[in-house]
Amino acid sequence: QVQLVESGGGSVQAGGSLRLSCAASGRTFSAYDMGWFRQAPGEERAFVATIRWSGGRTYYTDSVKGRFTISRDNAKNTMYLQMNSLNSEDTAVYYCAAARVSGSLATQRMRYDYWGQGTQVTVSS
């Protein structure tokens, strides 16, 4: 079992920044690839970013490339999502998730085994 808890969500003006954190407990954190997903009202939960167990590889959905940065600190069992240049389209509930390591980085929901409860991010214009 892996327990995940997101924090750092809130309200911010368009163009502003926010940093989300995901604290993990239970099994060894470094044994999992990690990812961030988001879900806006009336929409499907969508992939945002993922990072290898080692932190050596990352991948982002096109809409956040150059604005968001995913990172992890395995010694602290914590993953982060730094979000810059936020716009109204970024408004959503953000979820962190853990995936068992496989041959490629996971971008699909079904690849992830554990999920946090979500944290709301609201960007006002």
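Which residue in β10 does Ala 98 stand opposite? That would be Tyr 114.

1. Ground rules. You are looking at a predicted model, where local features need pLDDT of at least 70 and side-chain atom pairs count only at pLDDT 80 or more, while totals for chains, interfaces and linings use all residues. Residues are numbered from 1 along each chain as its sequence is written, and side-chain values use heavy atoms, with hydrogens and water left out.

2. Start with strand β9. This strand covers residues 92–100; strands here are DSSP runs (E, at least two residues), numbered from the N terminus. Because 7 of its 9 residues are buried, β9 is largely enclosed by the rest of the structure. "Buried" is under 20% relative accessible area, "exposed" is over 50%, and "partly exposed" is in between (1.4 Å probe, protein chains only).

3. Who pairs with β9? Strands count as paired if DSSP finds at least two bridges between them. Strand β4 (residues 32–39) runs antiparallel to β9, with 8 bridges between them; Asp 33 has Ala 99 as its bridge partner there. Strand β10 (residues 112–115) is also antiparallel to β9, joined by 3 bridges. Strand β11 (residues 119–124) has 3 antiparallel bridges to β9 as well, and Val 93 sits opposite Gln 120 in β11. When you trace these strands on screen, keep in mind that side chains in a regular strand alternate between the two faces of the sheet.

4. The structure has 6 salt bridges, each meaning a side-chain nitrogen of Lys or Arg within 4 Å of a carboxyl oxygen of Asp or Glu. One of them joins Arg 38 and Asp 90, whose closest N and O atoms are 2.9 Å apart. Arg 38 belongs to strand β4 and Asp 90 to the loop between β8 (78–83) and β9, so this pair ties together parts that are 52 residues apart in sequence. Both Arg 38 and Asp 90 are buried.

5. Arg 100 and Asp 113 form a salt bridge with the closest N and O atoms 2.7 Å apart. Since Arg 100 is in strand β9 and Asp 113 in strand β10, the pair ties together parts 13 residues apart in sequence. Arg 100 is partly exposed at 47% relative accessibility, and Asp 113 is partly exposed at 31%. Salt bridges with shared partners also make one network of Arg 38, Arg 67 and Asp 90. Elsewhere, Asp 62 and Lys 65 make a salt bridge at 3.0 Å between the closest N and O atoms; Asp 62 is exposed at 62% relative accessible area, whereas Lys 65 is partly exposed at 44%.

6. Rings. A whole-structure search turns up 6 aromatic pairs. Rings of Phe, Tyr and Trp (its six-membered ring) pair if their centres lie within 6.5 Å, with planes under 30 degrees apart called stacked, over 60 edge-to-face and the rest tilted. Phe 47 and Tyr 59 have ring centres 6.1 Å apart and planes at 20 degrees, so they are stacked. Phe 47 lies in strand β5 (residues 46–51) and Tyr 59 in strand β6 (residues 58–60), 12 residues apart. Phe 47 is buried at 13% relative accessibility, but Tyr 59 is partly exposed at 40%. Ring pairs gather Phe 37, Phe 47, Tyr 59, Tyr 112 and Trp 115 into a cluster.

7. Charges over rings. The cut-offs here are NZ of Lys or CZ of Arg within 6 Å of the ring centre and within 35 degrees of the ring normal. Arg 45 has its charged end over the ring of Trp 115, 5.1 Å from the centre. Arg 72 lies over the face of Phe 29, 4.4 Å from the ring centre.

8. The cores. A nonpolar core is a set of buried Ala, Val, Leu, Ile, Met, Phe, Trp, Tyr and Cys residues joined through side-chain atoms within 4.5 Å. The largest has 30 residues, and those with the most contacts inside it include Met 34, Trp 36 and Tyr 94. Among the elements giving two or more residues to this core are β1 (2–7), β3 (18–26) and β7 (68–73). A second, separate core of 6 residues includes Phe 37, Ala 99, Ala 106 and Tyr 112.

Notes:
Helix = DSSP H or I, 4+ residues; strand = E, 2+ residues; numbered from the N terminus.
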